[in-house]
Amino acid sequence: MNLNVILAIFRKDLISSVKSKNILIILLTPVFLSILFNSTVSLTDNIVVPIAVYDGGSSTDFVEYLSSTGSYDIIVPGSADKAEELLYTEKVAAMVLVPEGFSTDLENSFTPSLNITVNPYDAKSVVFLQTYKDVIMDFAGQDYPVDISLNTLPSDLQSRVNVPIWVMFSVIFVGMMVLPNTLTTEKEKKTLDAILVSPASVKDVIYGKSFFGLFLAIFISLLIIFINGGFAGNFPVVLFFIVLGSTAFTGLGLLIASHTDNYSSASLLSTICMAPLILPALLADLSREMRYASYLVPSTYVLNGIKGAMLNDSGVSDLYPELGVLVLFNLVVYALASHVLKNRRHI
């Protein structure tokens with residue numbers, strides 16, 4: 001192994017990546033998505049939902065109360081048919097038909113009916129469905145049968161809860177896309193043959209390109225942590241799991257690159273492989289079957305390790321199962337990559 005040659009390959013790929021639109025897109029995608037997601041979540045706190053309210057009787061006090069909450073933009077059509085038209089033309093997210101005598105029935109302790117129709121394809125309808133029952137109960141002067149103390153996480157902590165997910169995604173996405181990109185592109189351009197007739201050996205090329213992929217995966221992960229305020233908890237352990245995860249998925253990228261001869265094939269294979277690697281880890285809490293499936297993918301152990309260290313201040317001793325699985329996975333994936341490369345004429 002020639003360290004100078006490895007660093008030279010690393011520098012070459014680093015300079016080439018700045019000029020490559022494909023690699024820049026790969027690197028910026030997880031950063032952009034994390035920023036977009038957090039911005040979208042923060043905007044939902046101030047959503048005003050447009051709804052059509054047709055009063056069939058003398059319940060103007062109810063209509064005025066809906067408007068006074070500040071949660072709804074009330075449109076009062078002249079008829080029920082007009083309210084329905086507004087809903088079907090997506091001018092409003094929901095339609096409320098108030099029957100005659102609605103307010104009077106409430107005052108007399110009766111149980112009146114209220115006809116509500118929601119457009120499930122309008123994102124704002126989710127906000128309406130979360131709030132309308134509370135608003136109606138407040139207007140009717142009714143209380144829940146229990147006293148509920150509802151607290152929400154601070155906005156900075158809410159953002160931090162999502163950071164481990166974005167780091168896991170970045171490690172997988174960058175690790176499995178960058179190396180196949182650089183290696184197969186050099187195969188197509190025949191520049192790899194030129195490198196191999198230099199003092200660089202096959203192992204030097206593998207180490208240099210793996211180091212390049214590892215560096216980018218770690219760099220993008222740290223950038224996402226910085227942007228989203230994730231420097232919290234036991235950060236040395238967080239960094240340790242980022243390195244382990246980046247190494248593992250860069251190894252998978254190397255394995256994919258060794259099996260493909262062009263960028264299109266490598267990109268397709270990487271994309272196909274990413275879904276079953278990402279989804280089980282994200283959906284593990286939905287069912288017992290999905291939780292069992294999540295144990296089969298390394299992304300689960302990357303996510304759990306980063307989450308435990310960042311959010312719970314866990315140390316290595318608390319996360320040794322995740323640590324052990326990732327170390328074992330790294331050994332297996334690089335052994336497989338080495339075996340495949342030895343049995344191929346080209347990298």
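Let's start with Ser314, which sits in the loop between H13 and helix H14 (320–342). Helices here are DSSP runs of H or I with at least four residues, strands are E runs of at least two, and both are numbered from the N terminus. This is a predicted model, where local features need pLDDT of at least 70, side-chain atom pairs count only at pLDDT 80 or more, and totals for chains, interfaces and linings use all residues. Residues are numbered from 1 along each chain as its sequence is written, and side-chain values use heavy atoms, with hydrogens and water left out.

Is Ser314 buried or exposed? Its relative accessibility is 12%, so Ser314 counts as buried. (Buried means under 20% relative accessible area, exposed over 50%, and partly exposed in between, using a 1.4 Å probe and protein chains only.) Setting aside neighbours within four places in sequence, Ser314 is in contact with Asn234, Val237, Gly308, Ala309 and Leu319. Contact means heavy atoms within 4.5 Å.

In what order do its four strands lie? The order is E2-E1-E3-E4, in an open sheet with mixed pairing. Two strands count as paired if DSSP finds at least two bridges between them. At the edges you'll find strand E2 (72–75) and strand E4 (115–118), each pairing on one side only. From one strand to the next, the twist averages 25°. For angles like this, axes are lines fitted to C-alpha atoms (for helices, over the stretch in contact), and the angles run from 0 to 180 degrees between N-to-C directions. As a bit of background, strands of a sheet pair through backbone hydrogen bonds, either parallel or antiparallel.

Have a look at strand E1 (residues 49–55), which runs parallel to strand E3 (residues 94–98) and is joined to it by five bridges. One of the partners is Val98 in E3, bridged to Asp55. E1 also pairs with E2 in the parallel sense, over four bridges, and Val49 stands opposite Tyr72 in E2. E1 is mostly covered, with six of its seven residues buried.

Two helices pack on this sheet. Helix H3 (residues 60–68) touches E1, E2 and E3, and its direction makes about 145° with that of E2. Helix H6 (residues 124–140) touches E1, E2, E3 and E4, and its direction makes about 160° with that of E4.

Finally, how do helices H11 and H13 pack? Helix H11 (residues 263–282) and helix H13 (residues 298–311) meet at an angle of about 45°, with their axes 8 Å apart. That is why H11 and H13 are oblique to each other. (Under 35 degrees counts as roughly parallel, over 145 as roughly antiparallel, 65 to 115 as roughly perpendicular, and the rest as oblique.) On the H11 side, Leu277, Ile278 and Ala281 meet Pro298, Ser299, Thr300 and Leu303 in H13. The residues of this contact divide into five nonpolar, two polar and no charged. (Ala, Val, Leu, Ile, Met, Phe, Trp, Tyr, Cys and Pro count as nonpolar, Asp, Glu, Lys and Arg as charged, and the others, Gly among them, as polar.)
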